[in-house]
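Trainee: Before we go through the details, please show me the model. I would like to work through its helices one at a time.

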Amino acid sequence: KLIHFLVFGLFATAIIRIPEIRNLGWRGAWIAVITVSLYGACDEWHQSFTPGRSVEFDDWIADTLGAVVAVTVYCRWTWYRRLLEYTPEKNN
């Protein structure tokens, strides 16, 4: 479950960092969380057709919680957001 939480949190962070989504503020945060949650649900549904794989509701919950935590941290902690968006200045 921890891997689901971390990977889908990373996925949500990648989505919220898209400038067009980031500029929407909390609406963009919701878009990122809902997108990742729907992707997680579709992934679990897809696994039902794969032999040897099982569908686990807890995996989808971990996916969604990972997205919620990652997007919340990104939106609330400016130092973290600045760290992710850091680009070194060029010396010309």
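**Helices and their contacts**

Trainee: Which residues of helix H4 are buried?

Mentor: This is a predicted model in which local features need pLDDT of at least 70 and side-chain atom pairs count only at pLDDT 80 or more, while totals for chains, interfaces and linings use all residues. Residues are numbered from 1 along each chain as its sequence is written, and side-chain values use heavy atoms, without hydrogens and water. A helix here is a DSSP run of H or I with at least four residues, numbered from the N terminus; buried means under 20% relative accessible area, exposed over 50% and partly exposed in between, with a 1.4 Å probe and protein chains only. In H4, the buried residues are Asp 59, Ala 62, Asp 63, Thr 64, Gly 66, Ala 67, Ala 70, Val 71 and Tyr 74.

Trainee: What do the buried residues of H4 pack against?

Mentor: Packing is judged by contact, meaning heavy atoms within 4.5 Å. By that test, the partners of the buried residues of H4 are H1, H2, H3 and H5.

Trainee: How far apart are the end C-alpha atoms of H4?

Mentor: The expected span of a helix is 1.5 Å times one less than its number of residues. H4 has 20 residues, so it should span 28 Å. The model agrees with this, as the end C-alpha atoms of H4 are separated by 28 Å.

Trainee: Is Asp 59 buried or exposed?

Mentor: Asp 59 is part of helix H4. Its contacts, leaving aside neighbours within four places in sequence, are Lys 1, His 4 and Glu 44. Its relative accessibility is 8%, so Asp 59 counts as buried.

Trainee: Where do the buried residues of H1 lie around its axis?

Mentor: His 4, Phe 8, Gly 9, Ala 12, Thr 13, Ile 15 and Ile 16 are the buried residues of H1. Seen down the axis, they fall within an arc of 160° (taken from the directions from the helix axis to the C-beta atoms), so they line one face of the helix.

Trainee: Which residues on the other side of H1 are exposed?

Mentor: The buried residues of H1 have a cover that includes helix H2 (19-22), helix H3 (26-47), helix H4 (57-76) and helix H5 (78-84). On the other side of H1, the exposed residues are Leu 2, Ile 3 and Leu 10.

Trainee: How is H1 set relative to H4?

Mentor: Axes are lines fitted to C-alpha atoms, for helices over the stretch in contact, and angles run from 0 to 180 degrees between N-to-C directions. Angles under 35 degrees count as roughly parallel, over 145 as roughly antiparallel, 65 to 115 as roughly perpendicular and the rest as oblique. The axes of H1 and H4 cross at roughly 45° and come within 7 Å. That angle makes H1, relative to H4, oblique.

Trainee: Which residues does Phe 8 touch?

Mentor: Phe 8 sits in helix H1 and is buried, its relative accessible area being 9%. The C-alpha atoms of Phe 8 and Thr 64 are 7.4 Å apart, although 56 residues separate them along the chain. Not counting residues up to four places away in sequence, Phe 8 touches Val 36, Tyr 39, Gly 40, Asp 43, Asp 63 and Ala 67.

Trainee: How are H3 and H4 set relative to each other?

Mentor: The axes of H3 and H4 are 9 Å apart, and the helices pack at an angle of about 160°. H3 and H4 are therefore roughly antiparallel.

Trainee: How are H1 and H3 set relative to each other?

Mentor: H1 and H3 have axes 9 Å apart and pack at an angle of about 135°. H1 and H3 are therefore oblique.

Trainee: How far apart are the C-alpha atoms of Gln 47 and Gly 25?

Mentor: Gln 47 belongs to helix H3, and its relative accessible area of 4% makes it buried. It touches Arg 53, Ser 54 and Val 55, not counting residues up to four places away in sequence. Gln 47 and Gly 25 are 22 residues apart along the chain, and their C-alpha atoms are separated by 33 Å.

Trainee: Which residues does Ile 31 touch?

Mentor: Ile 31 is also placed in helix H3. Its relative accessibility is 34%, so Ile 31 counts as partly exposed. Not counting residues up to four places away in sequence, Ile 31 touches Ile 21 and Leu 24.

Technical notes: Helices (H or I, at least four residues) and strands (E, at least two) are DSSP runs, numbered from the N terminus.
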